[in-house]
Amino acid sequence: MANPFRLPMALRALRNLVSRPATRRYPAEVRARFPGVRGVVELDLDSCVFCGLCARRCPSAALTVSREQGSFAIEHLRCIGCGACLDACNKHSLRWAAQAPRVYSREEAGAEGEAAAGRQAWKKPAAA
Ligand code: SF4
Ligand code: SF4
């Protein structure tokens, strides 16, 4: 029996002309991440006490925490998405971000990833 899915090429071309594209125009169009998918670490600044436990557990030294300055920073280009920092945080201040990371060009990231393009930092507001 003939396979109904084996359309002649002309019919297939016509169908492709009127159907939606199968791919997105990334990075112009970024798909929202599914809940809980590993990827980009995000900080809840309000609950963080800057204890530094997450930074000590990070196997790729992607985190920098300063209790004195009330600051937290992550080098996204170093992070391997292992989740050790999320597990270490007793305050549940870390979570996986809902947005996918953007792609960095070699000019932005540097040949060895040494540029600051992938760095994100949070700082506790100064007391009034
Ligand atoms: S994110 Fe959690 S473990 Fe890391 S410094 Fe803040 S409170 Fe401590
Ligand atoms: S997910 Fe892993 S590599 Fe990334 S910052 Fe957390 S501990 Fe470090």
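I began at C85, which touches V41, C54, L63 and L94, leaving out residues up to four places away in sequence; touching, or contact, means heavy atoms within 4.5 Å. This is a predicted model, where local features need pLDDT of at least 70, side-chain atom pairs count only at pLDDT 80 or more, and totals for chains, interfaces and linings use all residues. Residues are numbered from 1 along each chain as its sequence is written, and side-chain values use heavy atoms, with hydrogens and water left out.

Next I looked up the largest nonpolar core and found 16 residues, with V41, L63, F72, C85 and L94 having the most contacts inside it. Such a core is a set of buried Ala, Val, Leu, Ile, Met, Phe, Trp, Tyr and Cys residues joined through side-chain atoms within 4.5 Å. Buried means under 20% relative accessible area, exposed over 50%, and partly exposed in between (1.4 Å probe, protein chains only). At least two residues of this core come from each of β1 (41–43), β3 (71–75), α3 (84–88) and β4 (94–96). Helices (H or I, at least four residues) and strands (E, at least two) are DSSP runs, numbered from the N terminus.

Then I turned to S66: is this residue buried or exposed? S66 counts as buried because its relative accessibility is 14%. I found S66 in strand β2 (residues 63–66). Beyond its neighbours within four places in sequence, S66 contacts F50 and S71. A polar atom of the S66 side chain lies 3.0 Å from the backbone nitrogen of Q69.

Last, I checked L17 in helix α1 (residues 9–18). L17 is exposed, with a relative accessible area of 70%.

Methods. Chains lettered and ligands numbered in written order. Polar contact = N/O pair within 3.5 Å; in protein donor to acceptor, adjacent residues only side chain to side chain.
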